[in-house]
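Subject: Structure for your files

Hello,

Here is the structure I said I would pass on. My notes on it follow below.

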Amino acid sequence: MLSVDLSIDDFDGQAVVALRGESDLADTPSVASHLIAAVAACGPSVIVDLAGLESIGYSGLSVLLRIRKWTRQSGGDLPLAAPQEPVRQILEATGLIDVFSVYPSVEEAANSLRQAQAWSSAAPQRLRAALVTRPADRRPACRAARYSLIRPLPGHGGRSAGFAGT
């Protein structure tokens with residue numbers, strides 16, 4: 001039987017869950033519960049180190065996607081680090097390489113998380129700087145937000161561009 005070994009570590013202040021072995025359907029509930037526990041204990045952002053994972057099935061990818069969604073809803077992320085070529089090929093073939101933040105190393109993933117955390121902690125100051133003060137209220141400087149980005153083109157009978165017969 002194929003199996004996955006999971007370990008939790010720390011890299012420069014960032015939680016790292018390392019997966020080793022091969023992921024198949026039989027491993028999914030165990031891996032999912034351990035990843036959820038790691039994110040709950042160490043989150044909201046946890047790096048998943050894939051350097052020791054030789055292969056992954058669709059059920060394993062589904063677990064990663066569900067946990068990524070949960071971390072994102074909690075204000076964190078689930079970056080993937082150092083996938084071996086077979087795992088990288090699966091990520092590319094499924095299009096998930098563009099969904100997950102994938103880094104060549106745990107170090108680069110940790111640096112990216114640190115930068116994101118610094119950016120988000122400075123966001124309230126940037127947001128206040130972007131507001132325009134008007135008498136009796138504050139409004140965003142950008143007025144384009146009041147308008148829909150999808151409007152019928154003039155003279156086309158109310159049809160949206162690119163949708164024939166609508």
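Two strands are taken to pair if DSSP finds at least two bridges between them. In this predicted model, strand E2 (residues 14-22) and strand E3 (residues 47-55) meet that condition, running parallel with 6 bridges between them. Within this pairing, Val-17 has Val-48 of E3 as its bridge partner, and Arg-20 is bridged to Gly-52 of E3.

E2 also pairs with strand E1 (residues 4-11), here in the antiparallel sense and over 8 bridges. Arg-20 turns up again in this pairing, with Asp-5 standing opposite. The hairpin of E1 and E2 has 2 residues between the strands, and Asp-12 takes a positive phi near 50° there. Of the 9 residues of E2, 7 are buried, so the strand counts as mostly covered.

E3 is joined in turn to strand E4 (residues 80-81) by 2 bridges, and these strands run parallel. Val-48, the partner of Val-17, stands opposite Leu-80 in E4.

On the packing: the largest nonpolar core has 25 residues, and Leu-19, Leu-35, Val-48, Leu-64 and Leu-78 touch the most other members. At least two residues of this core come from each of E1, E2, H1, E3, helix H2 (58-73) and helix H3 (85-94). The largest contribution is that of H1, with 5 residues.

Leu-19 is worth a look on the display. Leaving out residues up to four places away in sequence, Leu-19 touches Val-4, Asp-5, Leu-6, Val-31, Val-48, Asp-49, Leu-50, Gly-52 and Leu-53.

One of these contacts, Val-31, sits in helix H1 (residues 28-42). Is Val-31 buried or exposed? Its relative accessibility is 12%, and the cut-off for buried is under 20%, so Val-31 counts as buried. Beyond its neighbours within four places in sequence, Val-31 is in contact with Val-4, Leu-6 and Leu-19. Val-4 and Leu-6 are also among the residues that Leu-19 touches. The C-alpha atom of Val-31 is 8.2 Å from that of Gly-60, a residue 29 places away along the chain.

Regards

Technical notes. Residues numbered from 1 in each chain as written. Predicted model: local features only at pLDDT ≥ 70, side-chain atom pairs only at ≥ 80, totals over all residues. Heavy atoms only, no water. Helix = DSSP H or I, 4+ residues; strand = E, 2+ residues; numbered from the N terminus. Buried < 20%, exposed > 50% of the residue type's maximum accessible area, 1.4 Å probe, protein only. Contact = heavy atoms within 4.5 Å. Core = buried A, V, L, I, M, F, W, Y, C linked by side-chain atoms within 4.5 Å.
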